[in-house]
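I am opening a notebook on a structure that is new to me. My entries follow what I looked up, beginning with the sheet and going on to a helix and the cores.

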Amino acid sequence: MRQRLAAVALGLVAALAPGGVARADVIRDNEWHLRYLGVAEANRETRGEGVTVAVIDRGVDRTHADLTGALLDPVGVVDEDAPADPDGHGTALAGLIAGQGHGRDRADGVIGIAPGAKVLPVVIDEPTPDAIAAGIETAVEHRAAVIVVGYSVAGSERLLKAVRAAEEADTMIVAADGDQPGRAFEPYPAGYDGVLAAIPLTREGDVRVPSSSGRRLGLGVPGFQIMTTNTGNAYRIDDGSASPGILGGAVALLRSRYPQAKAAEIVRRLTLTAVDTGPAGADPENGLGRLELVQALTRRLPAPSPSPSVGAPSPGVLPSATPVAAPAVPRSRGPYGWLMALPLLAVLAGLGAYAGLAERRIRRTARDEVDSVGVQS
C-alpha cells in the first residue's frame, strides 16, 4: 500500500509541475541509482545499442513520453481488450532499462541504464510459473539477448525447461530476488542455475531482503526508493521489485559493449569485477557481491583458464564456496613425449657400441694369439 500511495502521489506531482525544469528536479534528480552505479560514465562506453531486452510482465504503457522510441511491438498478448499494464509494474521495469527521458536534450523524466537498447514487452496474463515459462519461451523465439522477470514464483518443470532453453540459446535471464523486508518471496526463477538474481540494496549498499534462492549468481543493485516510470504518463517509487530492471539494463550494456561475448563470459566479467561484500566468494545473502558497472564494462580481464571440457562452460556453473580438489589425472606428454626418451636411448646406444667394440677387440686379440701359436709349431 505504501508503495502504491507513493506512486500516486509522485504521479500527481509530476502532472502538476509547472514546466520541464520542475519535472526534471523531481524525477531525474531523484534517480539516485544512476549516480550510485556511475551510469553517466558507463554510457560513455555504450548506451546499449543493438540489444533487445524482453520484459515478461502484464504489459507496458506505450504512451509514456519517456518510453517513446524504446519499445518494440508487444508479443504474447493473451487478451487484446485487456488494459496495458494494469498495475504499472512492466512500465516501471521498462523505464529503468531503457527510459529515454523527454524535453530539451531529454533532460527531463526517467533515463534508463541502457537508453540505447530496445524493450520487447512479453505480455502474460498472471505471473504464474507456467505463464512466466511461456514468456521466456516467447522471448527466446524473438531472439532477445536479455530477459527480465520482475516476479519470483514457485518452481515448475516447465519453468526449469524454459530457463535451460534460454541458456542453450545464449539468452541471459535476470530475475527478482526480494522486494521489501517481511514480504514473502518465492525463490524462482532466480534460484535456478544460470539465472542472474537481482539482490536489492539500500542507499548504503546493505542487503535489504534475505532470500531462499541461494543467490549463487546474485548481484547487489539498488533496490530502495527507486524512481521510475508509471502508467498514465506518470512516475512511481519502487523497491526491490525494481532491481531486476536495473540489473537487466546493466547486462544490456555489457552485451552491447562486448557483442561477441557469450553469456558465460558476461557472467565471468560481472563476477570478477563485483565487490565482494560478504564472506569470500558467493554466499546466500550477498551473492557474488555488489555490481560495479563501470569496472565490468572497462576492466581488462585475465585470459580465462582452459576448460577441461569441449565448448564454453554454462553460465550457471561457478566454483563452490569451498573448492573441492579434483582427482589426480595422469600427466600426458602429448604426441612429442617420445623426445623425452632421447637421452636414455643415446646412452643405451653408446653402451651397445662400446660393447660391440670391446667384443671385436677380444676376437682380434684371440685370433692374433692363435696365429702366433701356428707360426711357432
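This is a predicted model: local features need pLDDT of at least 70, side-chain atom pairs count only at pLDDT 80 or more; totals for chains, interfaces and linings use all residues.

Residues are numbered from 1 along each chain as its sequence is written, and side-chain values use heavy atoms, with hydrogens and water left out.

**Sheet.** I looked up the strand order and found an open sheet of six strands, S4-S1-S5-S6-S7-S8, with parallel pairing. Its edges are strand S4 (118–123) and strand S8 (218–222), each of which pairs on one side only. Neighbouring strands are turned by 30° against each other on average, direction ignored; axes here are lines fitted to C-alpha atoms, for helices over the stretch in contact, and angles run from 0 to 180 degrees between N-to-C directions. I then followed S7 and S8, which pair in the parallel sense over five bridges, and in S8 I found Gly218 as the bridge partner of Ala197. Helix H5 (residues 89–98) packs on the sheet by touching strand S1 (52–57), S4 and strand S5 (146–149), and its direction makes about 160° with that of S1; contact means heavy atoms within 4.5 Å.

**Helix H7.** Which residues of H7 are buried? I list Leu159, Ala162, Val163, Ala166 and Glu167, where buried means under 20% relative accessible area, exposed over 50% and partly exposed in between (1.4 Å probe, protein chains only). Seen down the axis of H7, these buried residues fall within an arc of 140°, so they line one face of the helix; the arc is that of the directions from the helix axis to the C-beta atoms. The face turned away carries the exposed residues Glu157, Lys161 and Glu168. The buried residues of H7 pack against helix H6 (129–141), strand S6 (172–176) and strand S7 (195–201).

**Cores.** A nonpolar core is a set of buried Ala, Val, Leu, Ile, Met, Phe, Trp, Tyr and Cys residues joined through side-chain atoms within 4.5 Å. In the largest, of 53 residues, Leu196, Leu247, Leu270 and Leu293 touch the most other members. Helix H8 (residues 243–257) gives this core its largest share, seven residues. Apart from it lies another core of 26 residues, among them Ala54, Ile132, Tyr192 and Val195.

How values were computed:
Helices (H or I, at least four residues) and strands (E, at least two) are DSSP runs, numbered from the N terminus. Two strands pair if DSSP finds at least two bridges between them.
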